[in-house]
Protein chains: 2
Amino acid sequence: MAEKPTLLVLGSDPPPRLGRLTGRVRVEYADDRTLASLLPTADALLIWDFHSRALRGAWPGEGPRPRWVHTASAGVDHLMCPELAASDTLVTNARGVFDQPIAEYVAALVLALAKDLPRTLELQGAREWRHRESRRVAGTRACVVGSGPIGRAIERTLGALGITTALVGRTARDGVHGPGELDRLMARADWVVSAAPLTEETSGMFDARRLALMQPSAYFVNVGRGQLVVEDALVRALKDRWIAGAALDVFAHEPLGPDSPLWEVPGLIVSPHMSGDTVGWRDELGTQFVELYELWEAGEPLPNLVDKRRGYVPGP
Amino acid sequence: MAEKPTLLVLGSDPPPRLGRLTGRVRVEYADDRTLASLLPTADALLIWDFHSRALRGAWPGEGPRPRWVHTASAGVDHLMCPELAASDTLVTNARGVFDQPIAEYVAALVLALAKDLPRTLELQGAREWRHRESRRVAGTRACVVGSGPIGRAIERTLGALGITTALVGRTARDGVHGPGELDRLMARADWVVSAAPLTEETSGMFDARRLALMQPSAYFVNVGRGQLVVEDALVRALKDRWIAGAALDVFAHEPLGPDSPLWEVPGLIVSPHMSGDTVGWRDELGTQFVELYELWEAGEPLPNLVDKRRGYVPGP
């Protein structure tokens, strides 16, 4: 009888649903400190603490290593490194779990900005009745950058609110604009939504030049990765009124420290990387991992397979 | 050549778009103080200041009076009185102008509550990074009270977000539940939305008994009229956690004074009766009035005709 495979879990909280694998797998836990020494003993690695960037430093150049790495996140930027990309190890992600929650979160931000809700709450705190006109979202235009399942869910949800939505992806295809059209689409959008994976090509793509293309009445929303945005440029765009407002759920450095100037930029909503995390999300991530594990155990092809050179799961 | 009709405008700001009627109508202005004395001289009355309740006291019992009253609002509770109801004067309202804006506003509140946005803004003010799980709205249930065009627009918009929405109206009909089903629908709703006209039958309908039927995880939203809700009962429901939260855009007494206890009820969002008022709304109201005026002038039947006994425009 073959030895049970070893599943290494990076993270301190045990993932839910792993009980279904009892007797078929040996589960061990690693933290950022112990990861490098435990990796050679693992057949599979589950990155449960998706805030950890430890794998990038710990991946063994040669010798024994996991044949499969799964991350309980949509983005894979926190784990990809040239050695992992060059290896024959499979990498999968949590594609699908976050799509609808993130799309709803974007809709919540867009509507809150259109209806001036942050100001309403401020005035409520001051016990001040001040009627204002707000905006209709139906008939406005959005430009959503990122054409994977999250971007497409955002497109559907904004579209359901009557917002004409253009998707921008790495390559032009049916229903998706290529990067060459981004400047033109940003310039006419009322809402620019960043939902792209973080790769060498997308890092810093929302810089001062691009933000300056936007209409002064337009808003910028980032639910992708903090590094997609040049934060200093966004602060300037808000302070100098290049744009009307913004909402960031992700940041170059997370968690945002109490001294960060971003907390108090006028017209900016700051939220703590929570857009996809609706009640039950950890259960869903655990269930998804167990389903993938059973395919891997059976030698079946894995869905959600990351293209390690590109840094995301290529779309249909 | 016949004398030009006299149009009396209740309100101090001249309505936009009236210029289109130049030469065909004599326009005079009244305020709350002068209304009673000017009414007998008017052929038509435009209630442009829809906050005024002066007509209820000023309507002439007999003798000369306007043959048509139009209010630049959806609700007519501020102008209806038994004498006006008994007269042969036509009453029209601004049906149609507010439907989509109010539906978007309700969606904004529902999403903001689901995504815990008020707390996010509080934590931002305190420079505190605190990740929380939030709710998905897709798959939840709403009960919308009010089956006119506003209620139906809310049903469509919440439905587009994946929320299963039941409409409750004065009479059961295709796609609309009757009042006898309200208790059952409120008890299973995640969102109860009040968008009914204020009439004798609807006044105080959201009382302690009904609020106590709601799930502790559910939210209450009022964009109809303040008097639909027993405000003390709602405060108790929030303080004693019968329900998870609420948002009020309308109040029994408006504007809400700085001493109102409602400003600081935990879990309550207070906004200043602005749900329908999107940029351009005054122009839309002016355009709509001019269109109605031209029909009236030509002796054509008027749309948006209020059933004065019921207190609203009966639906199709």
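Predicted model: local features only at pLDDT ≥ 70, side-chain atom pairs only at ≥ 80, totals over all residues.

Guide: Residues are numbered from 1 along each chain as its sequence is written, chains are lettered from A and ligands numbered from 1 in the order in which they are written, and side-chain values use heavy atoms, with hydrogens and water left out.

Visitor: How do you know that chain A and chain B are in contact?

Guide: Contact means heavy atoms within 4.5 Å. By that rule, 56 residues of chain A touch 56 residues of chain B.

Visitor: What area do chain A and chain B bury between them?

Guide: Buried area is the accessible area (1.4 Å probe) that two parts lose on being put together, summed over both. For chain A and chain B the value is about 4,900 Å², with 62% of it on carbon and sulfur atoms. In chain A, the residues losing the most area to chain B are A:Gln124, A:Arg127 and A:Trp129, together 18% of what that side buries.

Visitor: Why is the pair B:Glu104 and A:Lys115 called a salt bridge?

Guide: The term requires a side-chain nitrogen of Lys or Arg within 4 Å of a carboxyl oxygen of Asp or Glu. The N to O distance for B:Glu104 and A:Lys115 is 2.9 Å, so the pair qualifies.

Visitor: Why is A:Arg184 called partly exposed?

Guide: Buried means under 20% relative accessible area, exposed over 50%, and partly exposed in between (1.4 Å probe, protein chains only). A:Arg184 has 42% and therefore counts as partly exposed. Its salt-bridge partner is A:Glu181, with the closest N and O atoms 2.4 Å apart; A:Glu181, at 28%, is partly exposed too.

Visitor: What makes the salt bridge of B:Asp77 and B:Arg225 a link between separate parts of the chain?

Guide: The side chains of B:Asp77 and B:Arg225 meet at 2.9 Å, N to O. B:Asp77 lies in the loop between strand S4 (68-71) and helix H3 (82-86) of chain B, and B:Arg225 in the loop between strand S9 (219-222) and helix H9 (231-239), so the pair ties together parts 148 residues apart in sequence. Both B:Asp77 and B:Arg225 are buried. Helices (H or I, at least four residues) and strands (E, at least two) are DSSP runs, numbered from the N terminus.
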